[in-house]
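Here's a quick briefing on the pocket and the ring contacts. Have a look at the structure, then read on.

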Amino acid sequence: MKKLILVTLVLCLAAQFWLFADGESYTQVDGASRIITAYKNQKTGELPDLSMAIRLLDSSDTEFVEDGKDINLPVDARGSYYKAFSWVFSGNAFGAVTLTFSFARMSLNGANTNNQTEYIPYKVKMVYSPSKVGNSTIQMNTASTAQAYMTNSFTGTTYRMYYADSISNGAVSSVETSGGESPASNYGNAFSVALSYNMSSNTKVQDADAQDKKQEYINKVTQNNHANVCDYWNRSGTAYVQLLINNDRTWSTNSSIKAKVGEYRANVTVGVTVQ
Amino acid sequence: MKKLFIVLSNILFSLFVLAAAEPSKYDFAISGVVRSSIVFQVTIFEDAIPFDLDGSLVTYNPSYASMVTGIRIGQYTLVSRTPSIKLCVSHTPLVHSDSSLTENNQINYRLYLITGDGAQNFVSTRGEQLDILGPSISTTVNDTEVISLIDEYMYVTLDEGSDAATEAVCSELESGIYQSTITFSVWVQT
């Protein structure tokens, strides 16, 4: 009887092991390891070069939009705003910089045409997010609540920066804490949206070694130690597009015009200007 | 000896001239897989490293937590004729190359791997081992379930778990070069 129990126990254990092995066992067949490197700037030392970069993310925010890549708008974009792309603008200039989005006419197969049945009107809404310096979100359009940030990448240790950003655009009627929007429409014609960022209008600098600890606007203090650069900032936002056509392809702005069936395309060009 | 040197120099020089004079051409490549059950390759983009830890390219942004962001650091290829495999990925934090430092010498990051088209087709890890099971990334071709991820991008974003923690760690880091090792392993179900 004892032997029978022992044999049964062994058989049960073997069966469990076999069942487990059948579903979960893996054997390594390949592999690799790679080293990536990064650097942290000197806390004191040479000033970094002035640099800026603009990157666009696709509508799903999963990939960067490279030059020449198409962004497809769904039917949902008819009559309501659809997220077309996002921008991430980064750099270290504290002066004014302008981001210009130029939207061409959205025409049949991207051809240059004046035939109203071969292009469709659309409008774009640019919604910007609060700017960031390093990993900190900073205030927009006000110096009174500027984010204190001890710059540690250059200029030595005597300057404390109080960063705040400003954004201006003729089409912006109000500014919200969480961001703002800049609506623009062309109703069939090419148009552009210019977003002017200016950190220098609100950012203040304090010389930590000075007795009065006075804060001065960054564009008013002696710039010998700044050379037009500040800590890296990150300015981002999202562009929404609304196609101004109805489901029967008539213009929502003029129902007597009906767009032809086909693929419509509008080129978007993004430019950066530094003042 | 002098003559030999002159002759050799002339030959070398003419090779350079020939190379320089070669007309420009276009290179195209079509890749395929023959008689191989699994192909796995990883490439790190040399022009992307070293990247600036202070730069906004790798800034952690909580509003982007549900999507891929950061600096594009490389790409990988995984092809298999069977989905009965898994890809394991893990990485160390970025650690200062001066091993004598004991404080403010490392920062963690999030590694993203694109696993296909669409908003949700990516996976990420903050260092812990990530097991990507074959069935979750397989596609059906000619009624056969296969894995075909070719030159899919990888991204890196600083991530200490929260915006504030990342900022705090990053701002206190010692200056210098930081390194991290990313480890991949491919396993077949047996």
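Let's start with the pocket: 37 residues line the largest one, and Asp70(A), Ile71(A), Asn72(A), Arg265(A) and Ala266(A) are the ones nearest its centre. Keep in mind that this is a predicted model.

**The largest pocket**
- Its space comes to about 1,100 Å³.

**Aromatic pairs**
- Over all chains, the count is nine aromatic pairs.
- Take Phe103(A) and Phe191(A): the pair is stacked because the ring planes meet at 15°, with the centres 5.1 Å apart.
- That pair ties together distant parts of the chain, since Phe103(A) belongs to strand 5 (residues 96-103) of chain A and Phe191(A) to strand 16 (residues 191-198) of chain A, 88 residues apart.
- Phe103(A) and Phe191(A) are both buried.
- There's also a cluster, in which ring pairs link Phe85(A), Trp87(A) and Phe101(A).

**Charges over rings**
- In chain A, Arg105(A) has its charged end over the ring of Tyr119(A), 3.8 Å from the ring's centre.
- In chain B, the charged end of Arg72(B) sits over the ring of Tyr153(B), at 3.9 Å from its centre.

Conventions
Residues are numbered from 1 along each chain as its sequence is written. Chains are lettered from A and ligands numbered from 1 in the order in which they are written. This is a predicted model: local features need pLDDT of at least 70, side-chain atom pairs count only at pLDDT 80 or more; totals for chains, interfaces and linings use all residues. Side-chain values use heavy atoms; hydrogens and water are left out. Rings of Phe, Tyr and Trp (its six-membered ring) pair if their centres lie within 6.5 Å; planes under 30 degrees apart count as stacked, over 60 as edge-to-face and the rest as tilted. Helices (H or I, at least four residues) and strands (E, at least two) are DSSP runs, numbered from the N terminus. Buried means under 20% relative accessible area, exposed over 50%, partly exposed in between (1.4 Å probe, protein chains only). A charge sits over a ring if NZ of Lys or CZ of Arg is within 6 Å of the ring centre and within 35 degrees of the ring normal. On a 1 Å grid over the protein atoms alone, a cavity is a set of points where a 1.4 Å probe fits but cannot get out, and a pocket is an open set with protein on both sides within 12 Å along at least five of seven lines; lining residues have an atom within 4 Å of a point. Grid points are joined across faces, edges and corners, and a volume is the space filled by probe spheres set on the points.
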